[in-house]
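Here is a briefing on one protein chain. Keep the sequence and the 3D view open as you read.

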Amino acid sequence: MKSMLFSRFFILLPWILIVIIMLDVDTRRPAPPLTPRPYFSPYAGGRGGARIPLRRSRPDGRPGRGLEKLNESRSQAQPEPQLPTIYAITPTYSRPVQKAELTRLANTFRQVAQLHWIVVEDAAARSELVSRFLARAGLPSTHLHVPTPRRYKRPGLPRATEQRNAGLAWLRQRHQHLLLHQRAQPGVLFFADDDNTYSLELFQEMRTTRKVSVWPVGLVGGRRYERPLVKNGRVVGWYTGWRADRPFAIDMAGFAVSLQVILSNPKAVFKRRGSQPGMQESDFLKQITTVEELEPKANNCTKVLVWHTRTEKVNLANEPKYHLDTVKIEV
Ligand code: UDP
Ligand code: MN
C-alpha cells in the first residue's frame, strides 16, 4: 500500500512541477504594450474623438517618435510643442463609387498624424454606408450632412457649397467653445474633395501654414498643372490656362487656411449668390487674405503634391433592375 502511494506520488510530481513553473512564468510576463487599435472610433456615427497617431510626423519633416518613445517622454517634465491639427473637410455624395473614393482617402489620411476628418454628406440625413464606414475608418472624424437645394443641382453650378460651409460652421463652433475655456488649439484647415489624390508630403507642407498657404495642383484647368508664380518668396501671379483673370487662380485643393484665420473671420463662407463658375475659391479667399500675404509651399510652388483626379463614371449597363443575388452586399 505504502509503495503504491510512493509510486503514484513520483508519477504526479513532475506534472505538479510543470504546472507550478508554467503559472510562475505567466504571472511574470510583462503586460502587453499599449498599441493603437486599428479600428477605433469613439464616436461611431457621430462626433469626432482623439486617436493616438500611428506615426507622429513632425512639422520639420523629421521622422516622428515611436509610440513607446512618446509614452516615455510624457513622464518627463518637457511638454512637446503641440502639433497643429489638420482639419480636412470632405464633401461627399451618394453614388456607385462613393465607398471606393472614401476608402482611398481614409487610407491616405490614416497615415497622417493629428488629422481630423470632417465628412459632410450632401444628403437629407446621414447615410448608413458613410456612418458604418467612418466607424471603422480608424480616424478621428466628424460626420455632418446637409442637402444641396434641388435648384443648385445643375451642371455648370458650383458643387458642395453648402457642405463646405457646414464644415466651416462646425469648426468655428467647436473652437469658439475651446477659446472660451482658454483651451485654444493650433490647427490648419483644407478642403479635401473625395476624388482627388493626395501625397503624404502635402500634409507636412500645409501643417506649417501661418495664415493661408498655397501650392500647385496637378491635372486641373485643362493643363497638366496650375501653380502660383513665386518671386522672392512671394506670390506674384498664376500659371494657369483657364480664366487667368481670377483674383486667386487656384483650385480648392491648392490652399490651406490656419484655424486662427477661420476664427477671426467668422463671416467668411462660400457663396451661392453672385458666384460665377470657377470663382468659389477666389470668392472665399478674397474674404480672408490678399495675394501678397499668401505663403508659398512645395518648394516655392515648384512641386505637385496633389492631383485633381476625377473618377470615371462607372458602367452599370448590366446591373439588374431588381435585386437578383441571394445576398445584399454594400459596395
Ligand atoms: N459633391 C457633392 N455633391 C454633389 C456633387 C459633388 O457633395 O452633388 C462633392 C464631391 O463628392 C467632391 C466635391 O463635391 O468631394 C467636388 O465635386 P466633384 O469632384 O464632382 O467636382 P469637380 O472635381 O468637378 O470640381
Ligand atoms: Mn473632383
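The points below go from the whole chain to single residues.

This is a predicted model. The chain has 331 residues, and 42% of them count as buried. Its secondary structure comes to nine helices and twelve strands. Take the contacts between residues at least 6 apart in sequence: 74% of these join residues at least 24 apart.

**Helix 3 and helix 4**

- Helix 3 spans residues 98-109, and helix 4 spans residues 128-135.
- Their axes come within 11 Å and cross at roughly 20 degrees. Angles under 35 degrees count as roughly parallel, so helix 3 is roughly parallel to helix 4.
- The crossing of helix 3 and helix 4 is right-handed.
- Which residues meet here? Helix 3 brings Gln-98, Lys-99, Leu-102, Thr-103 and Ala-106. Helix 4 brings Leu-129, Val-130 and Phe-133.
- The buried residues of helix 4 are Leu-129, Val-130, Ser-131, Phe-133 and Leu-134.
- What covers them includes helix 3, strand 2 (115-121) and strand 3.

**Helix 6**

- Helix 6 runs over residues 200-207. Leu-202, Phe-203, Met-206 and Arg-207 are buried in this helix.
- Those residues cover an arc of only 130 degrees around the axis, so they lie on the same side of helix 6.

**Asp-195, a listed site**

- An unreviewed UniProt entry lists Asp-195 under "binding site". Such annotations may be inferred rather than shown by experiment.
- Asp-195 sits in the loop between strand 4 (187-191) and strand 5 (197-198).
- Is Asp-195 buried or exposed? Its relative accessible area is 16%. Buried means under 20%, so Asp-195 is buried.
- Which residues does Asp-195 touch, leaving out those up to four places away in sequence? They are Glu-101, Arg-104, Thr-309, Arg-310 and Thr-311.

**Tyr-93, in a loop**

- Tyr-93 is in the loop between strand 1 (85-92) and helix 3.
- At 42% relative accessibility, Tyr-93 counts as partly exposed.
- Tyr-93 and Ala-123 are 30 residues apart along the chain. Their C-alpha atoms are separated by 7.0 Å.
- Tyr-93 also touches Gln-98, Asp-122 and Asp-194, not counting residues up to four places away in sequence.

**Two alanines with positive phi**

- Most residues other than glycine have a negative phi. Look out for the two cases below.
- Ala-160 has a positive phi of about 65 degrees, although it is not a glycine. Where is Ala-160? Ala-160 is in the loop between strand 3 (141-145) and helix 5 (161-180).
- Ala-160 counts as buried because its relative accessibility is 13%.
- Ala-298 has a positive phi of about 55 degrees, and it is not a glycine either. Ala-298 is in helix 9, which covers residues 298-301.
- Ala-298 has a relative accessible area of 1%, so Ala-298 is buried.

Terms used:
Residues are numbered from 1 along each chain as its sequence is written. Chains are lettered from A and ligands numbered from 1 in the order in which they are written. This is a predicted model: local features need pLDDT of at least 70, side-chain atom pairs count only at pLDDT 80 or more; totals for chains, interfaces and linings use all residues. Side-chain values use heavy atoms; hydrogens and water are left out. Helices (H or I, at least four residues) and strands (E, at least two) are DSSP runs, numbered from the N terminus. Buried means under 20% relative accessible area, exposed over 50%, partly exposed in between (1.4 Å probe, protein chains only). Contact means heavy atoms within 4.5 Å. The arc is that of the directions from the helix axis to the C-beta atoms. Axes are lines fitted to C-alpha atoms, for helices over the stretch in contact, and angles run from 0 to 180 degrees between N-to-C directions. Angles under 35 degrees count as roughly parallel, over 145 as roughly antiparallel, 65 to 115 as roughly perpendicular and the rest as oblique. A crossing is left-handed if the near helix is turned anticlockwise from the far one by less than a right angle, and right-handed if clockwise.
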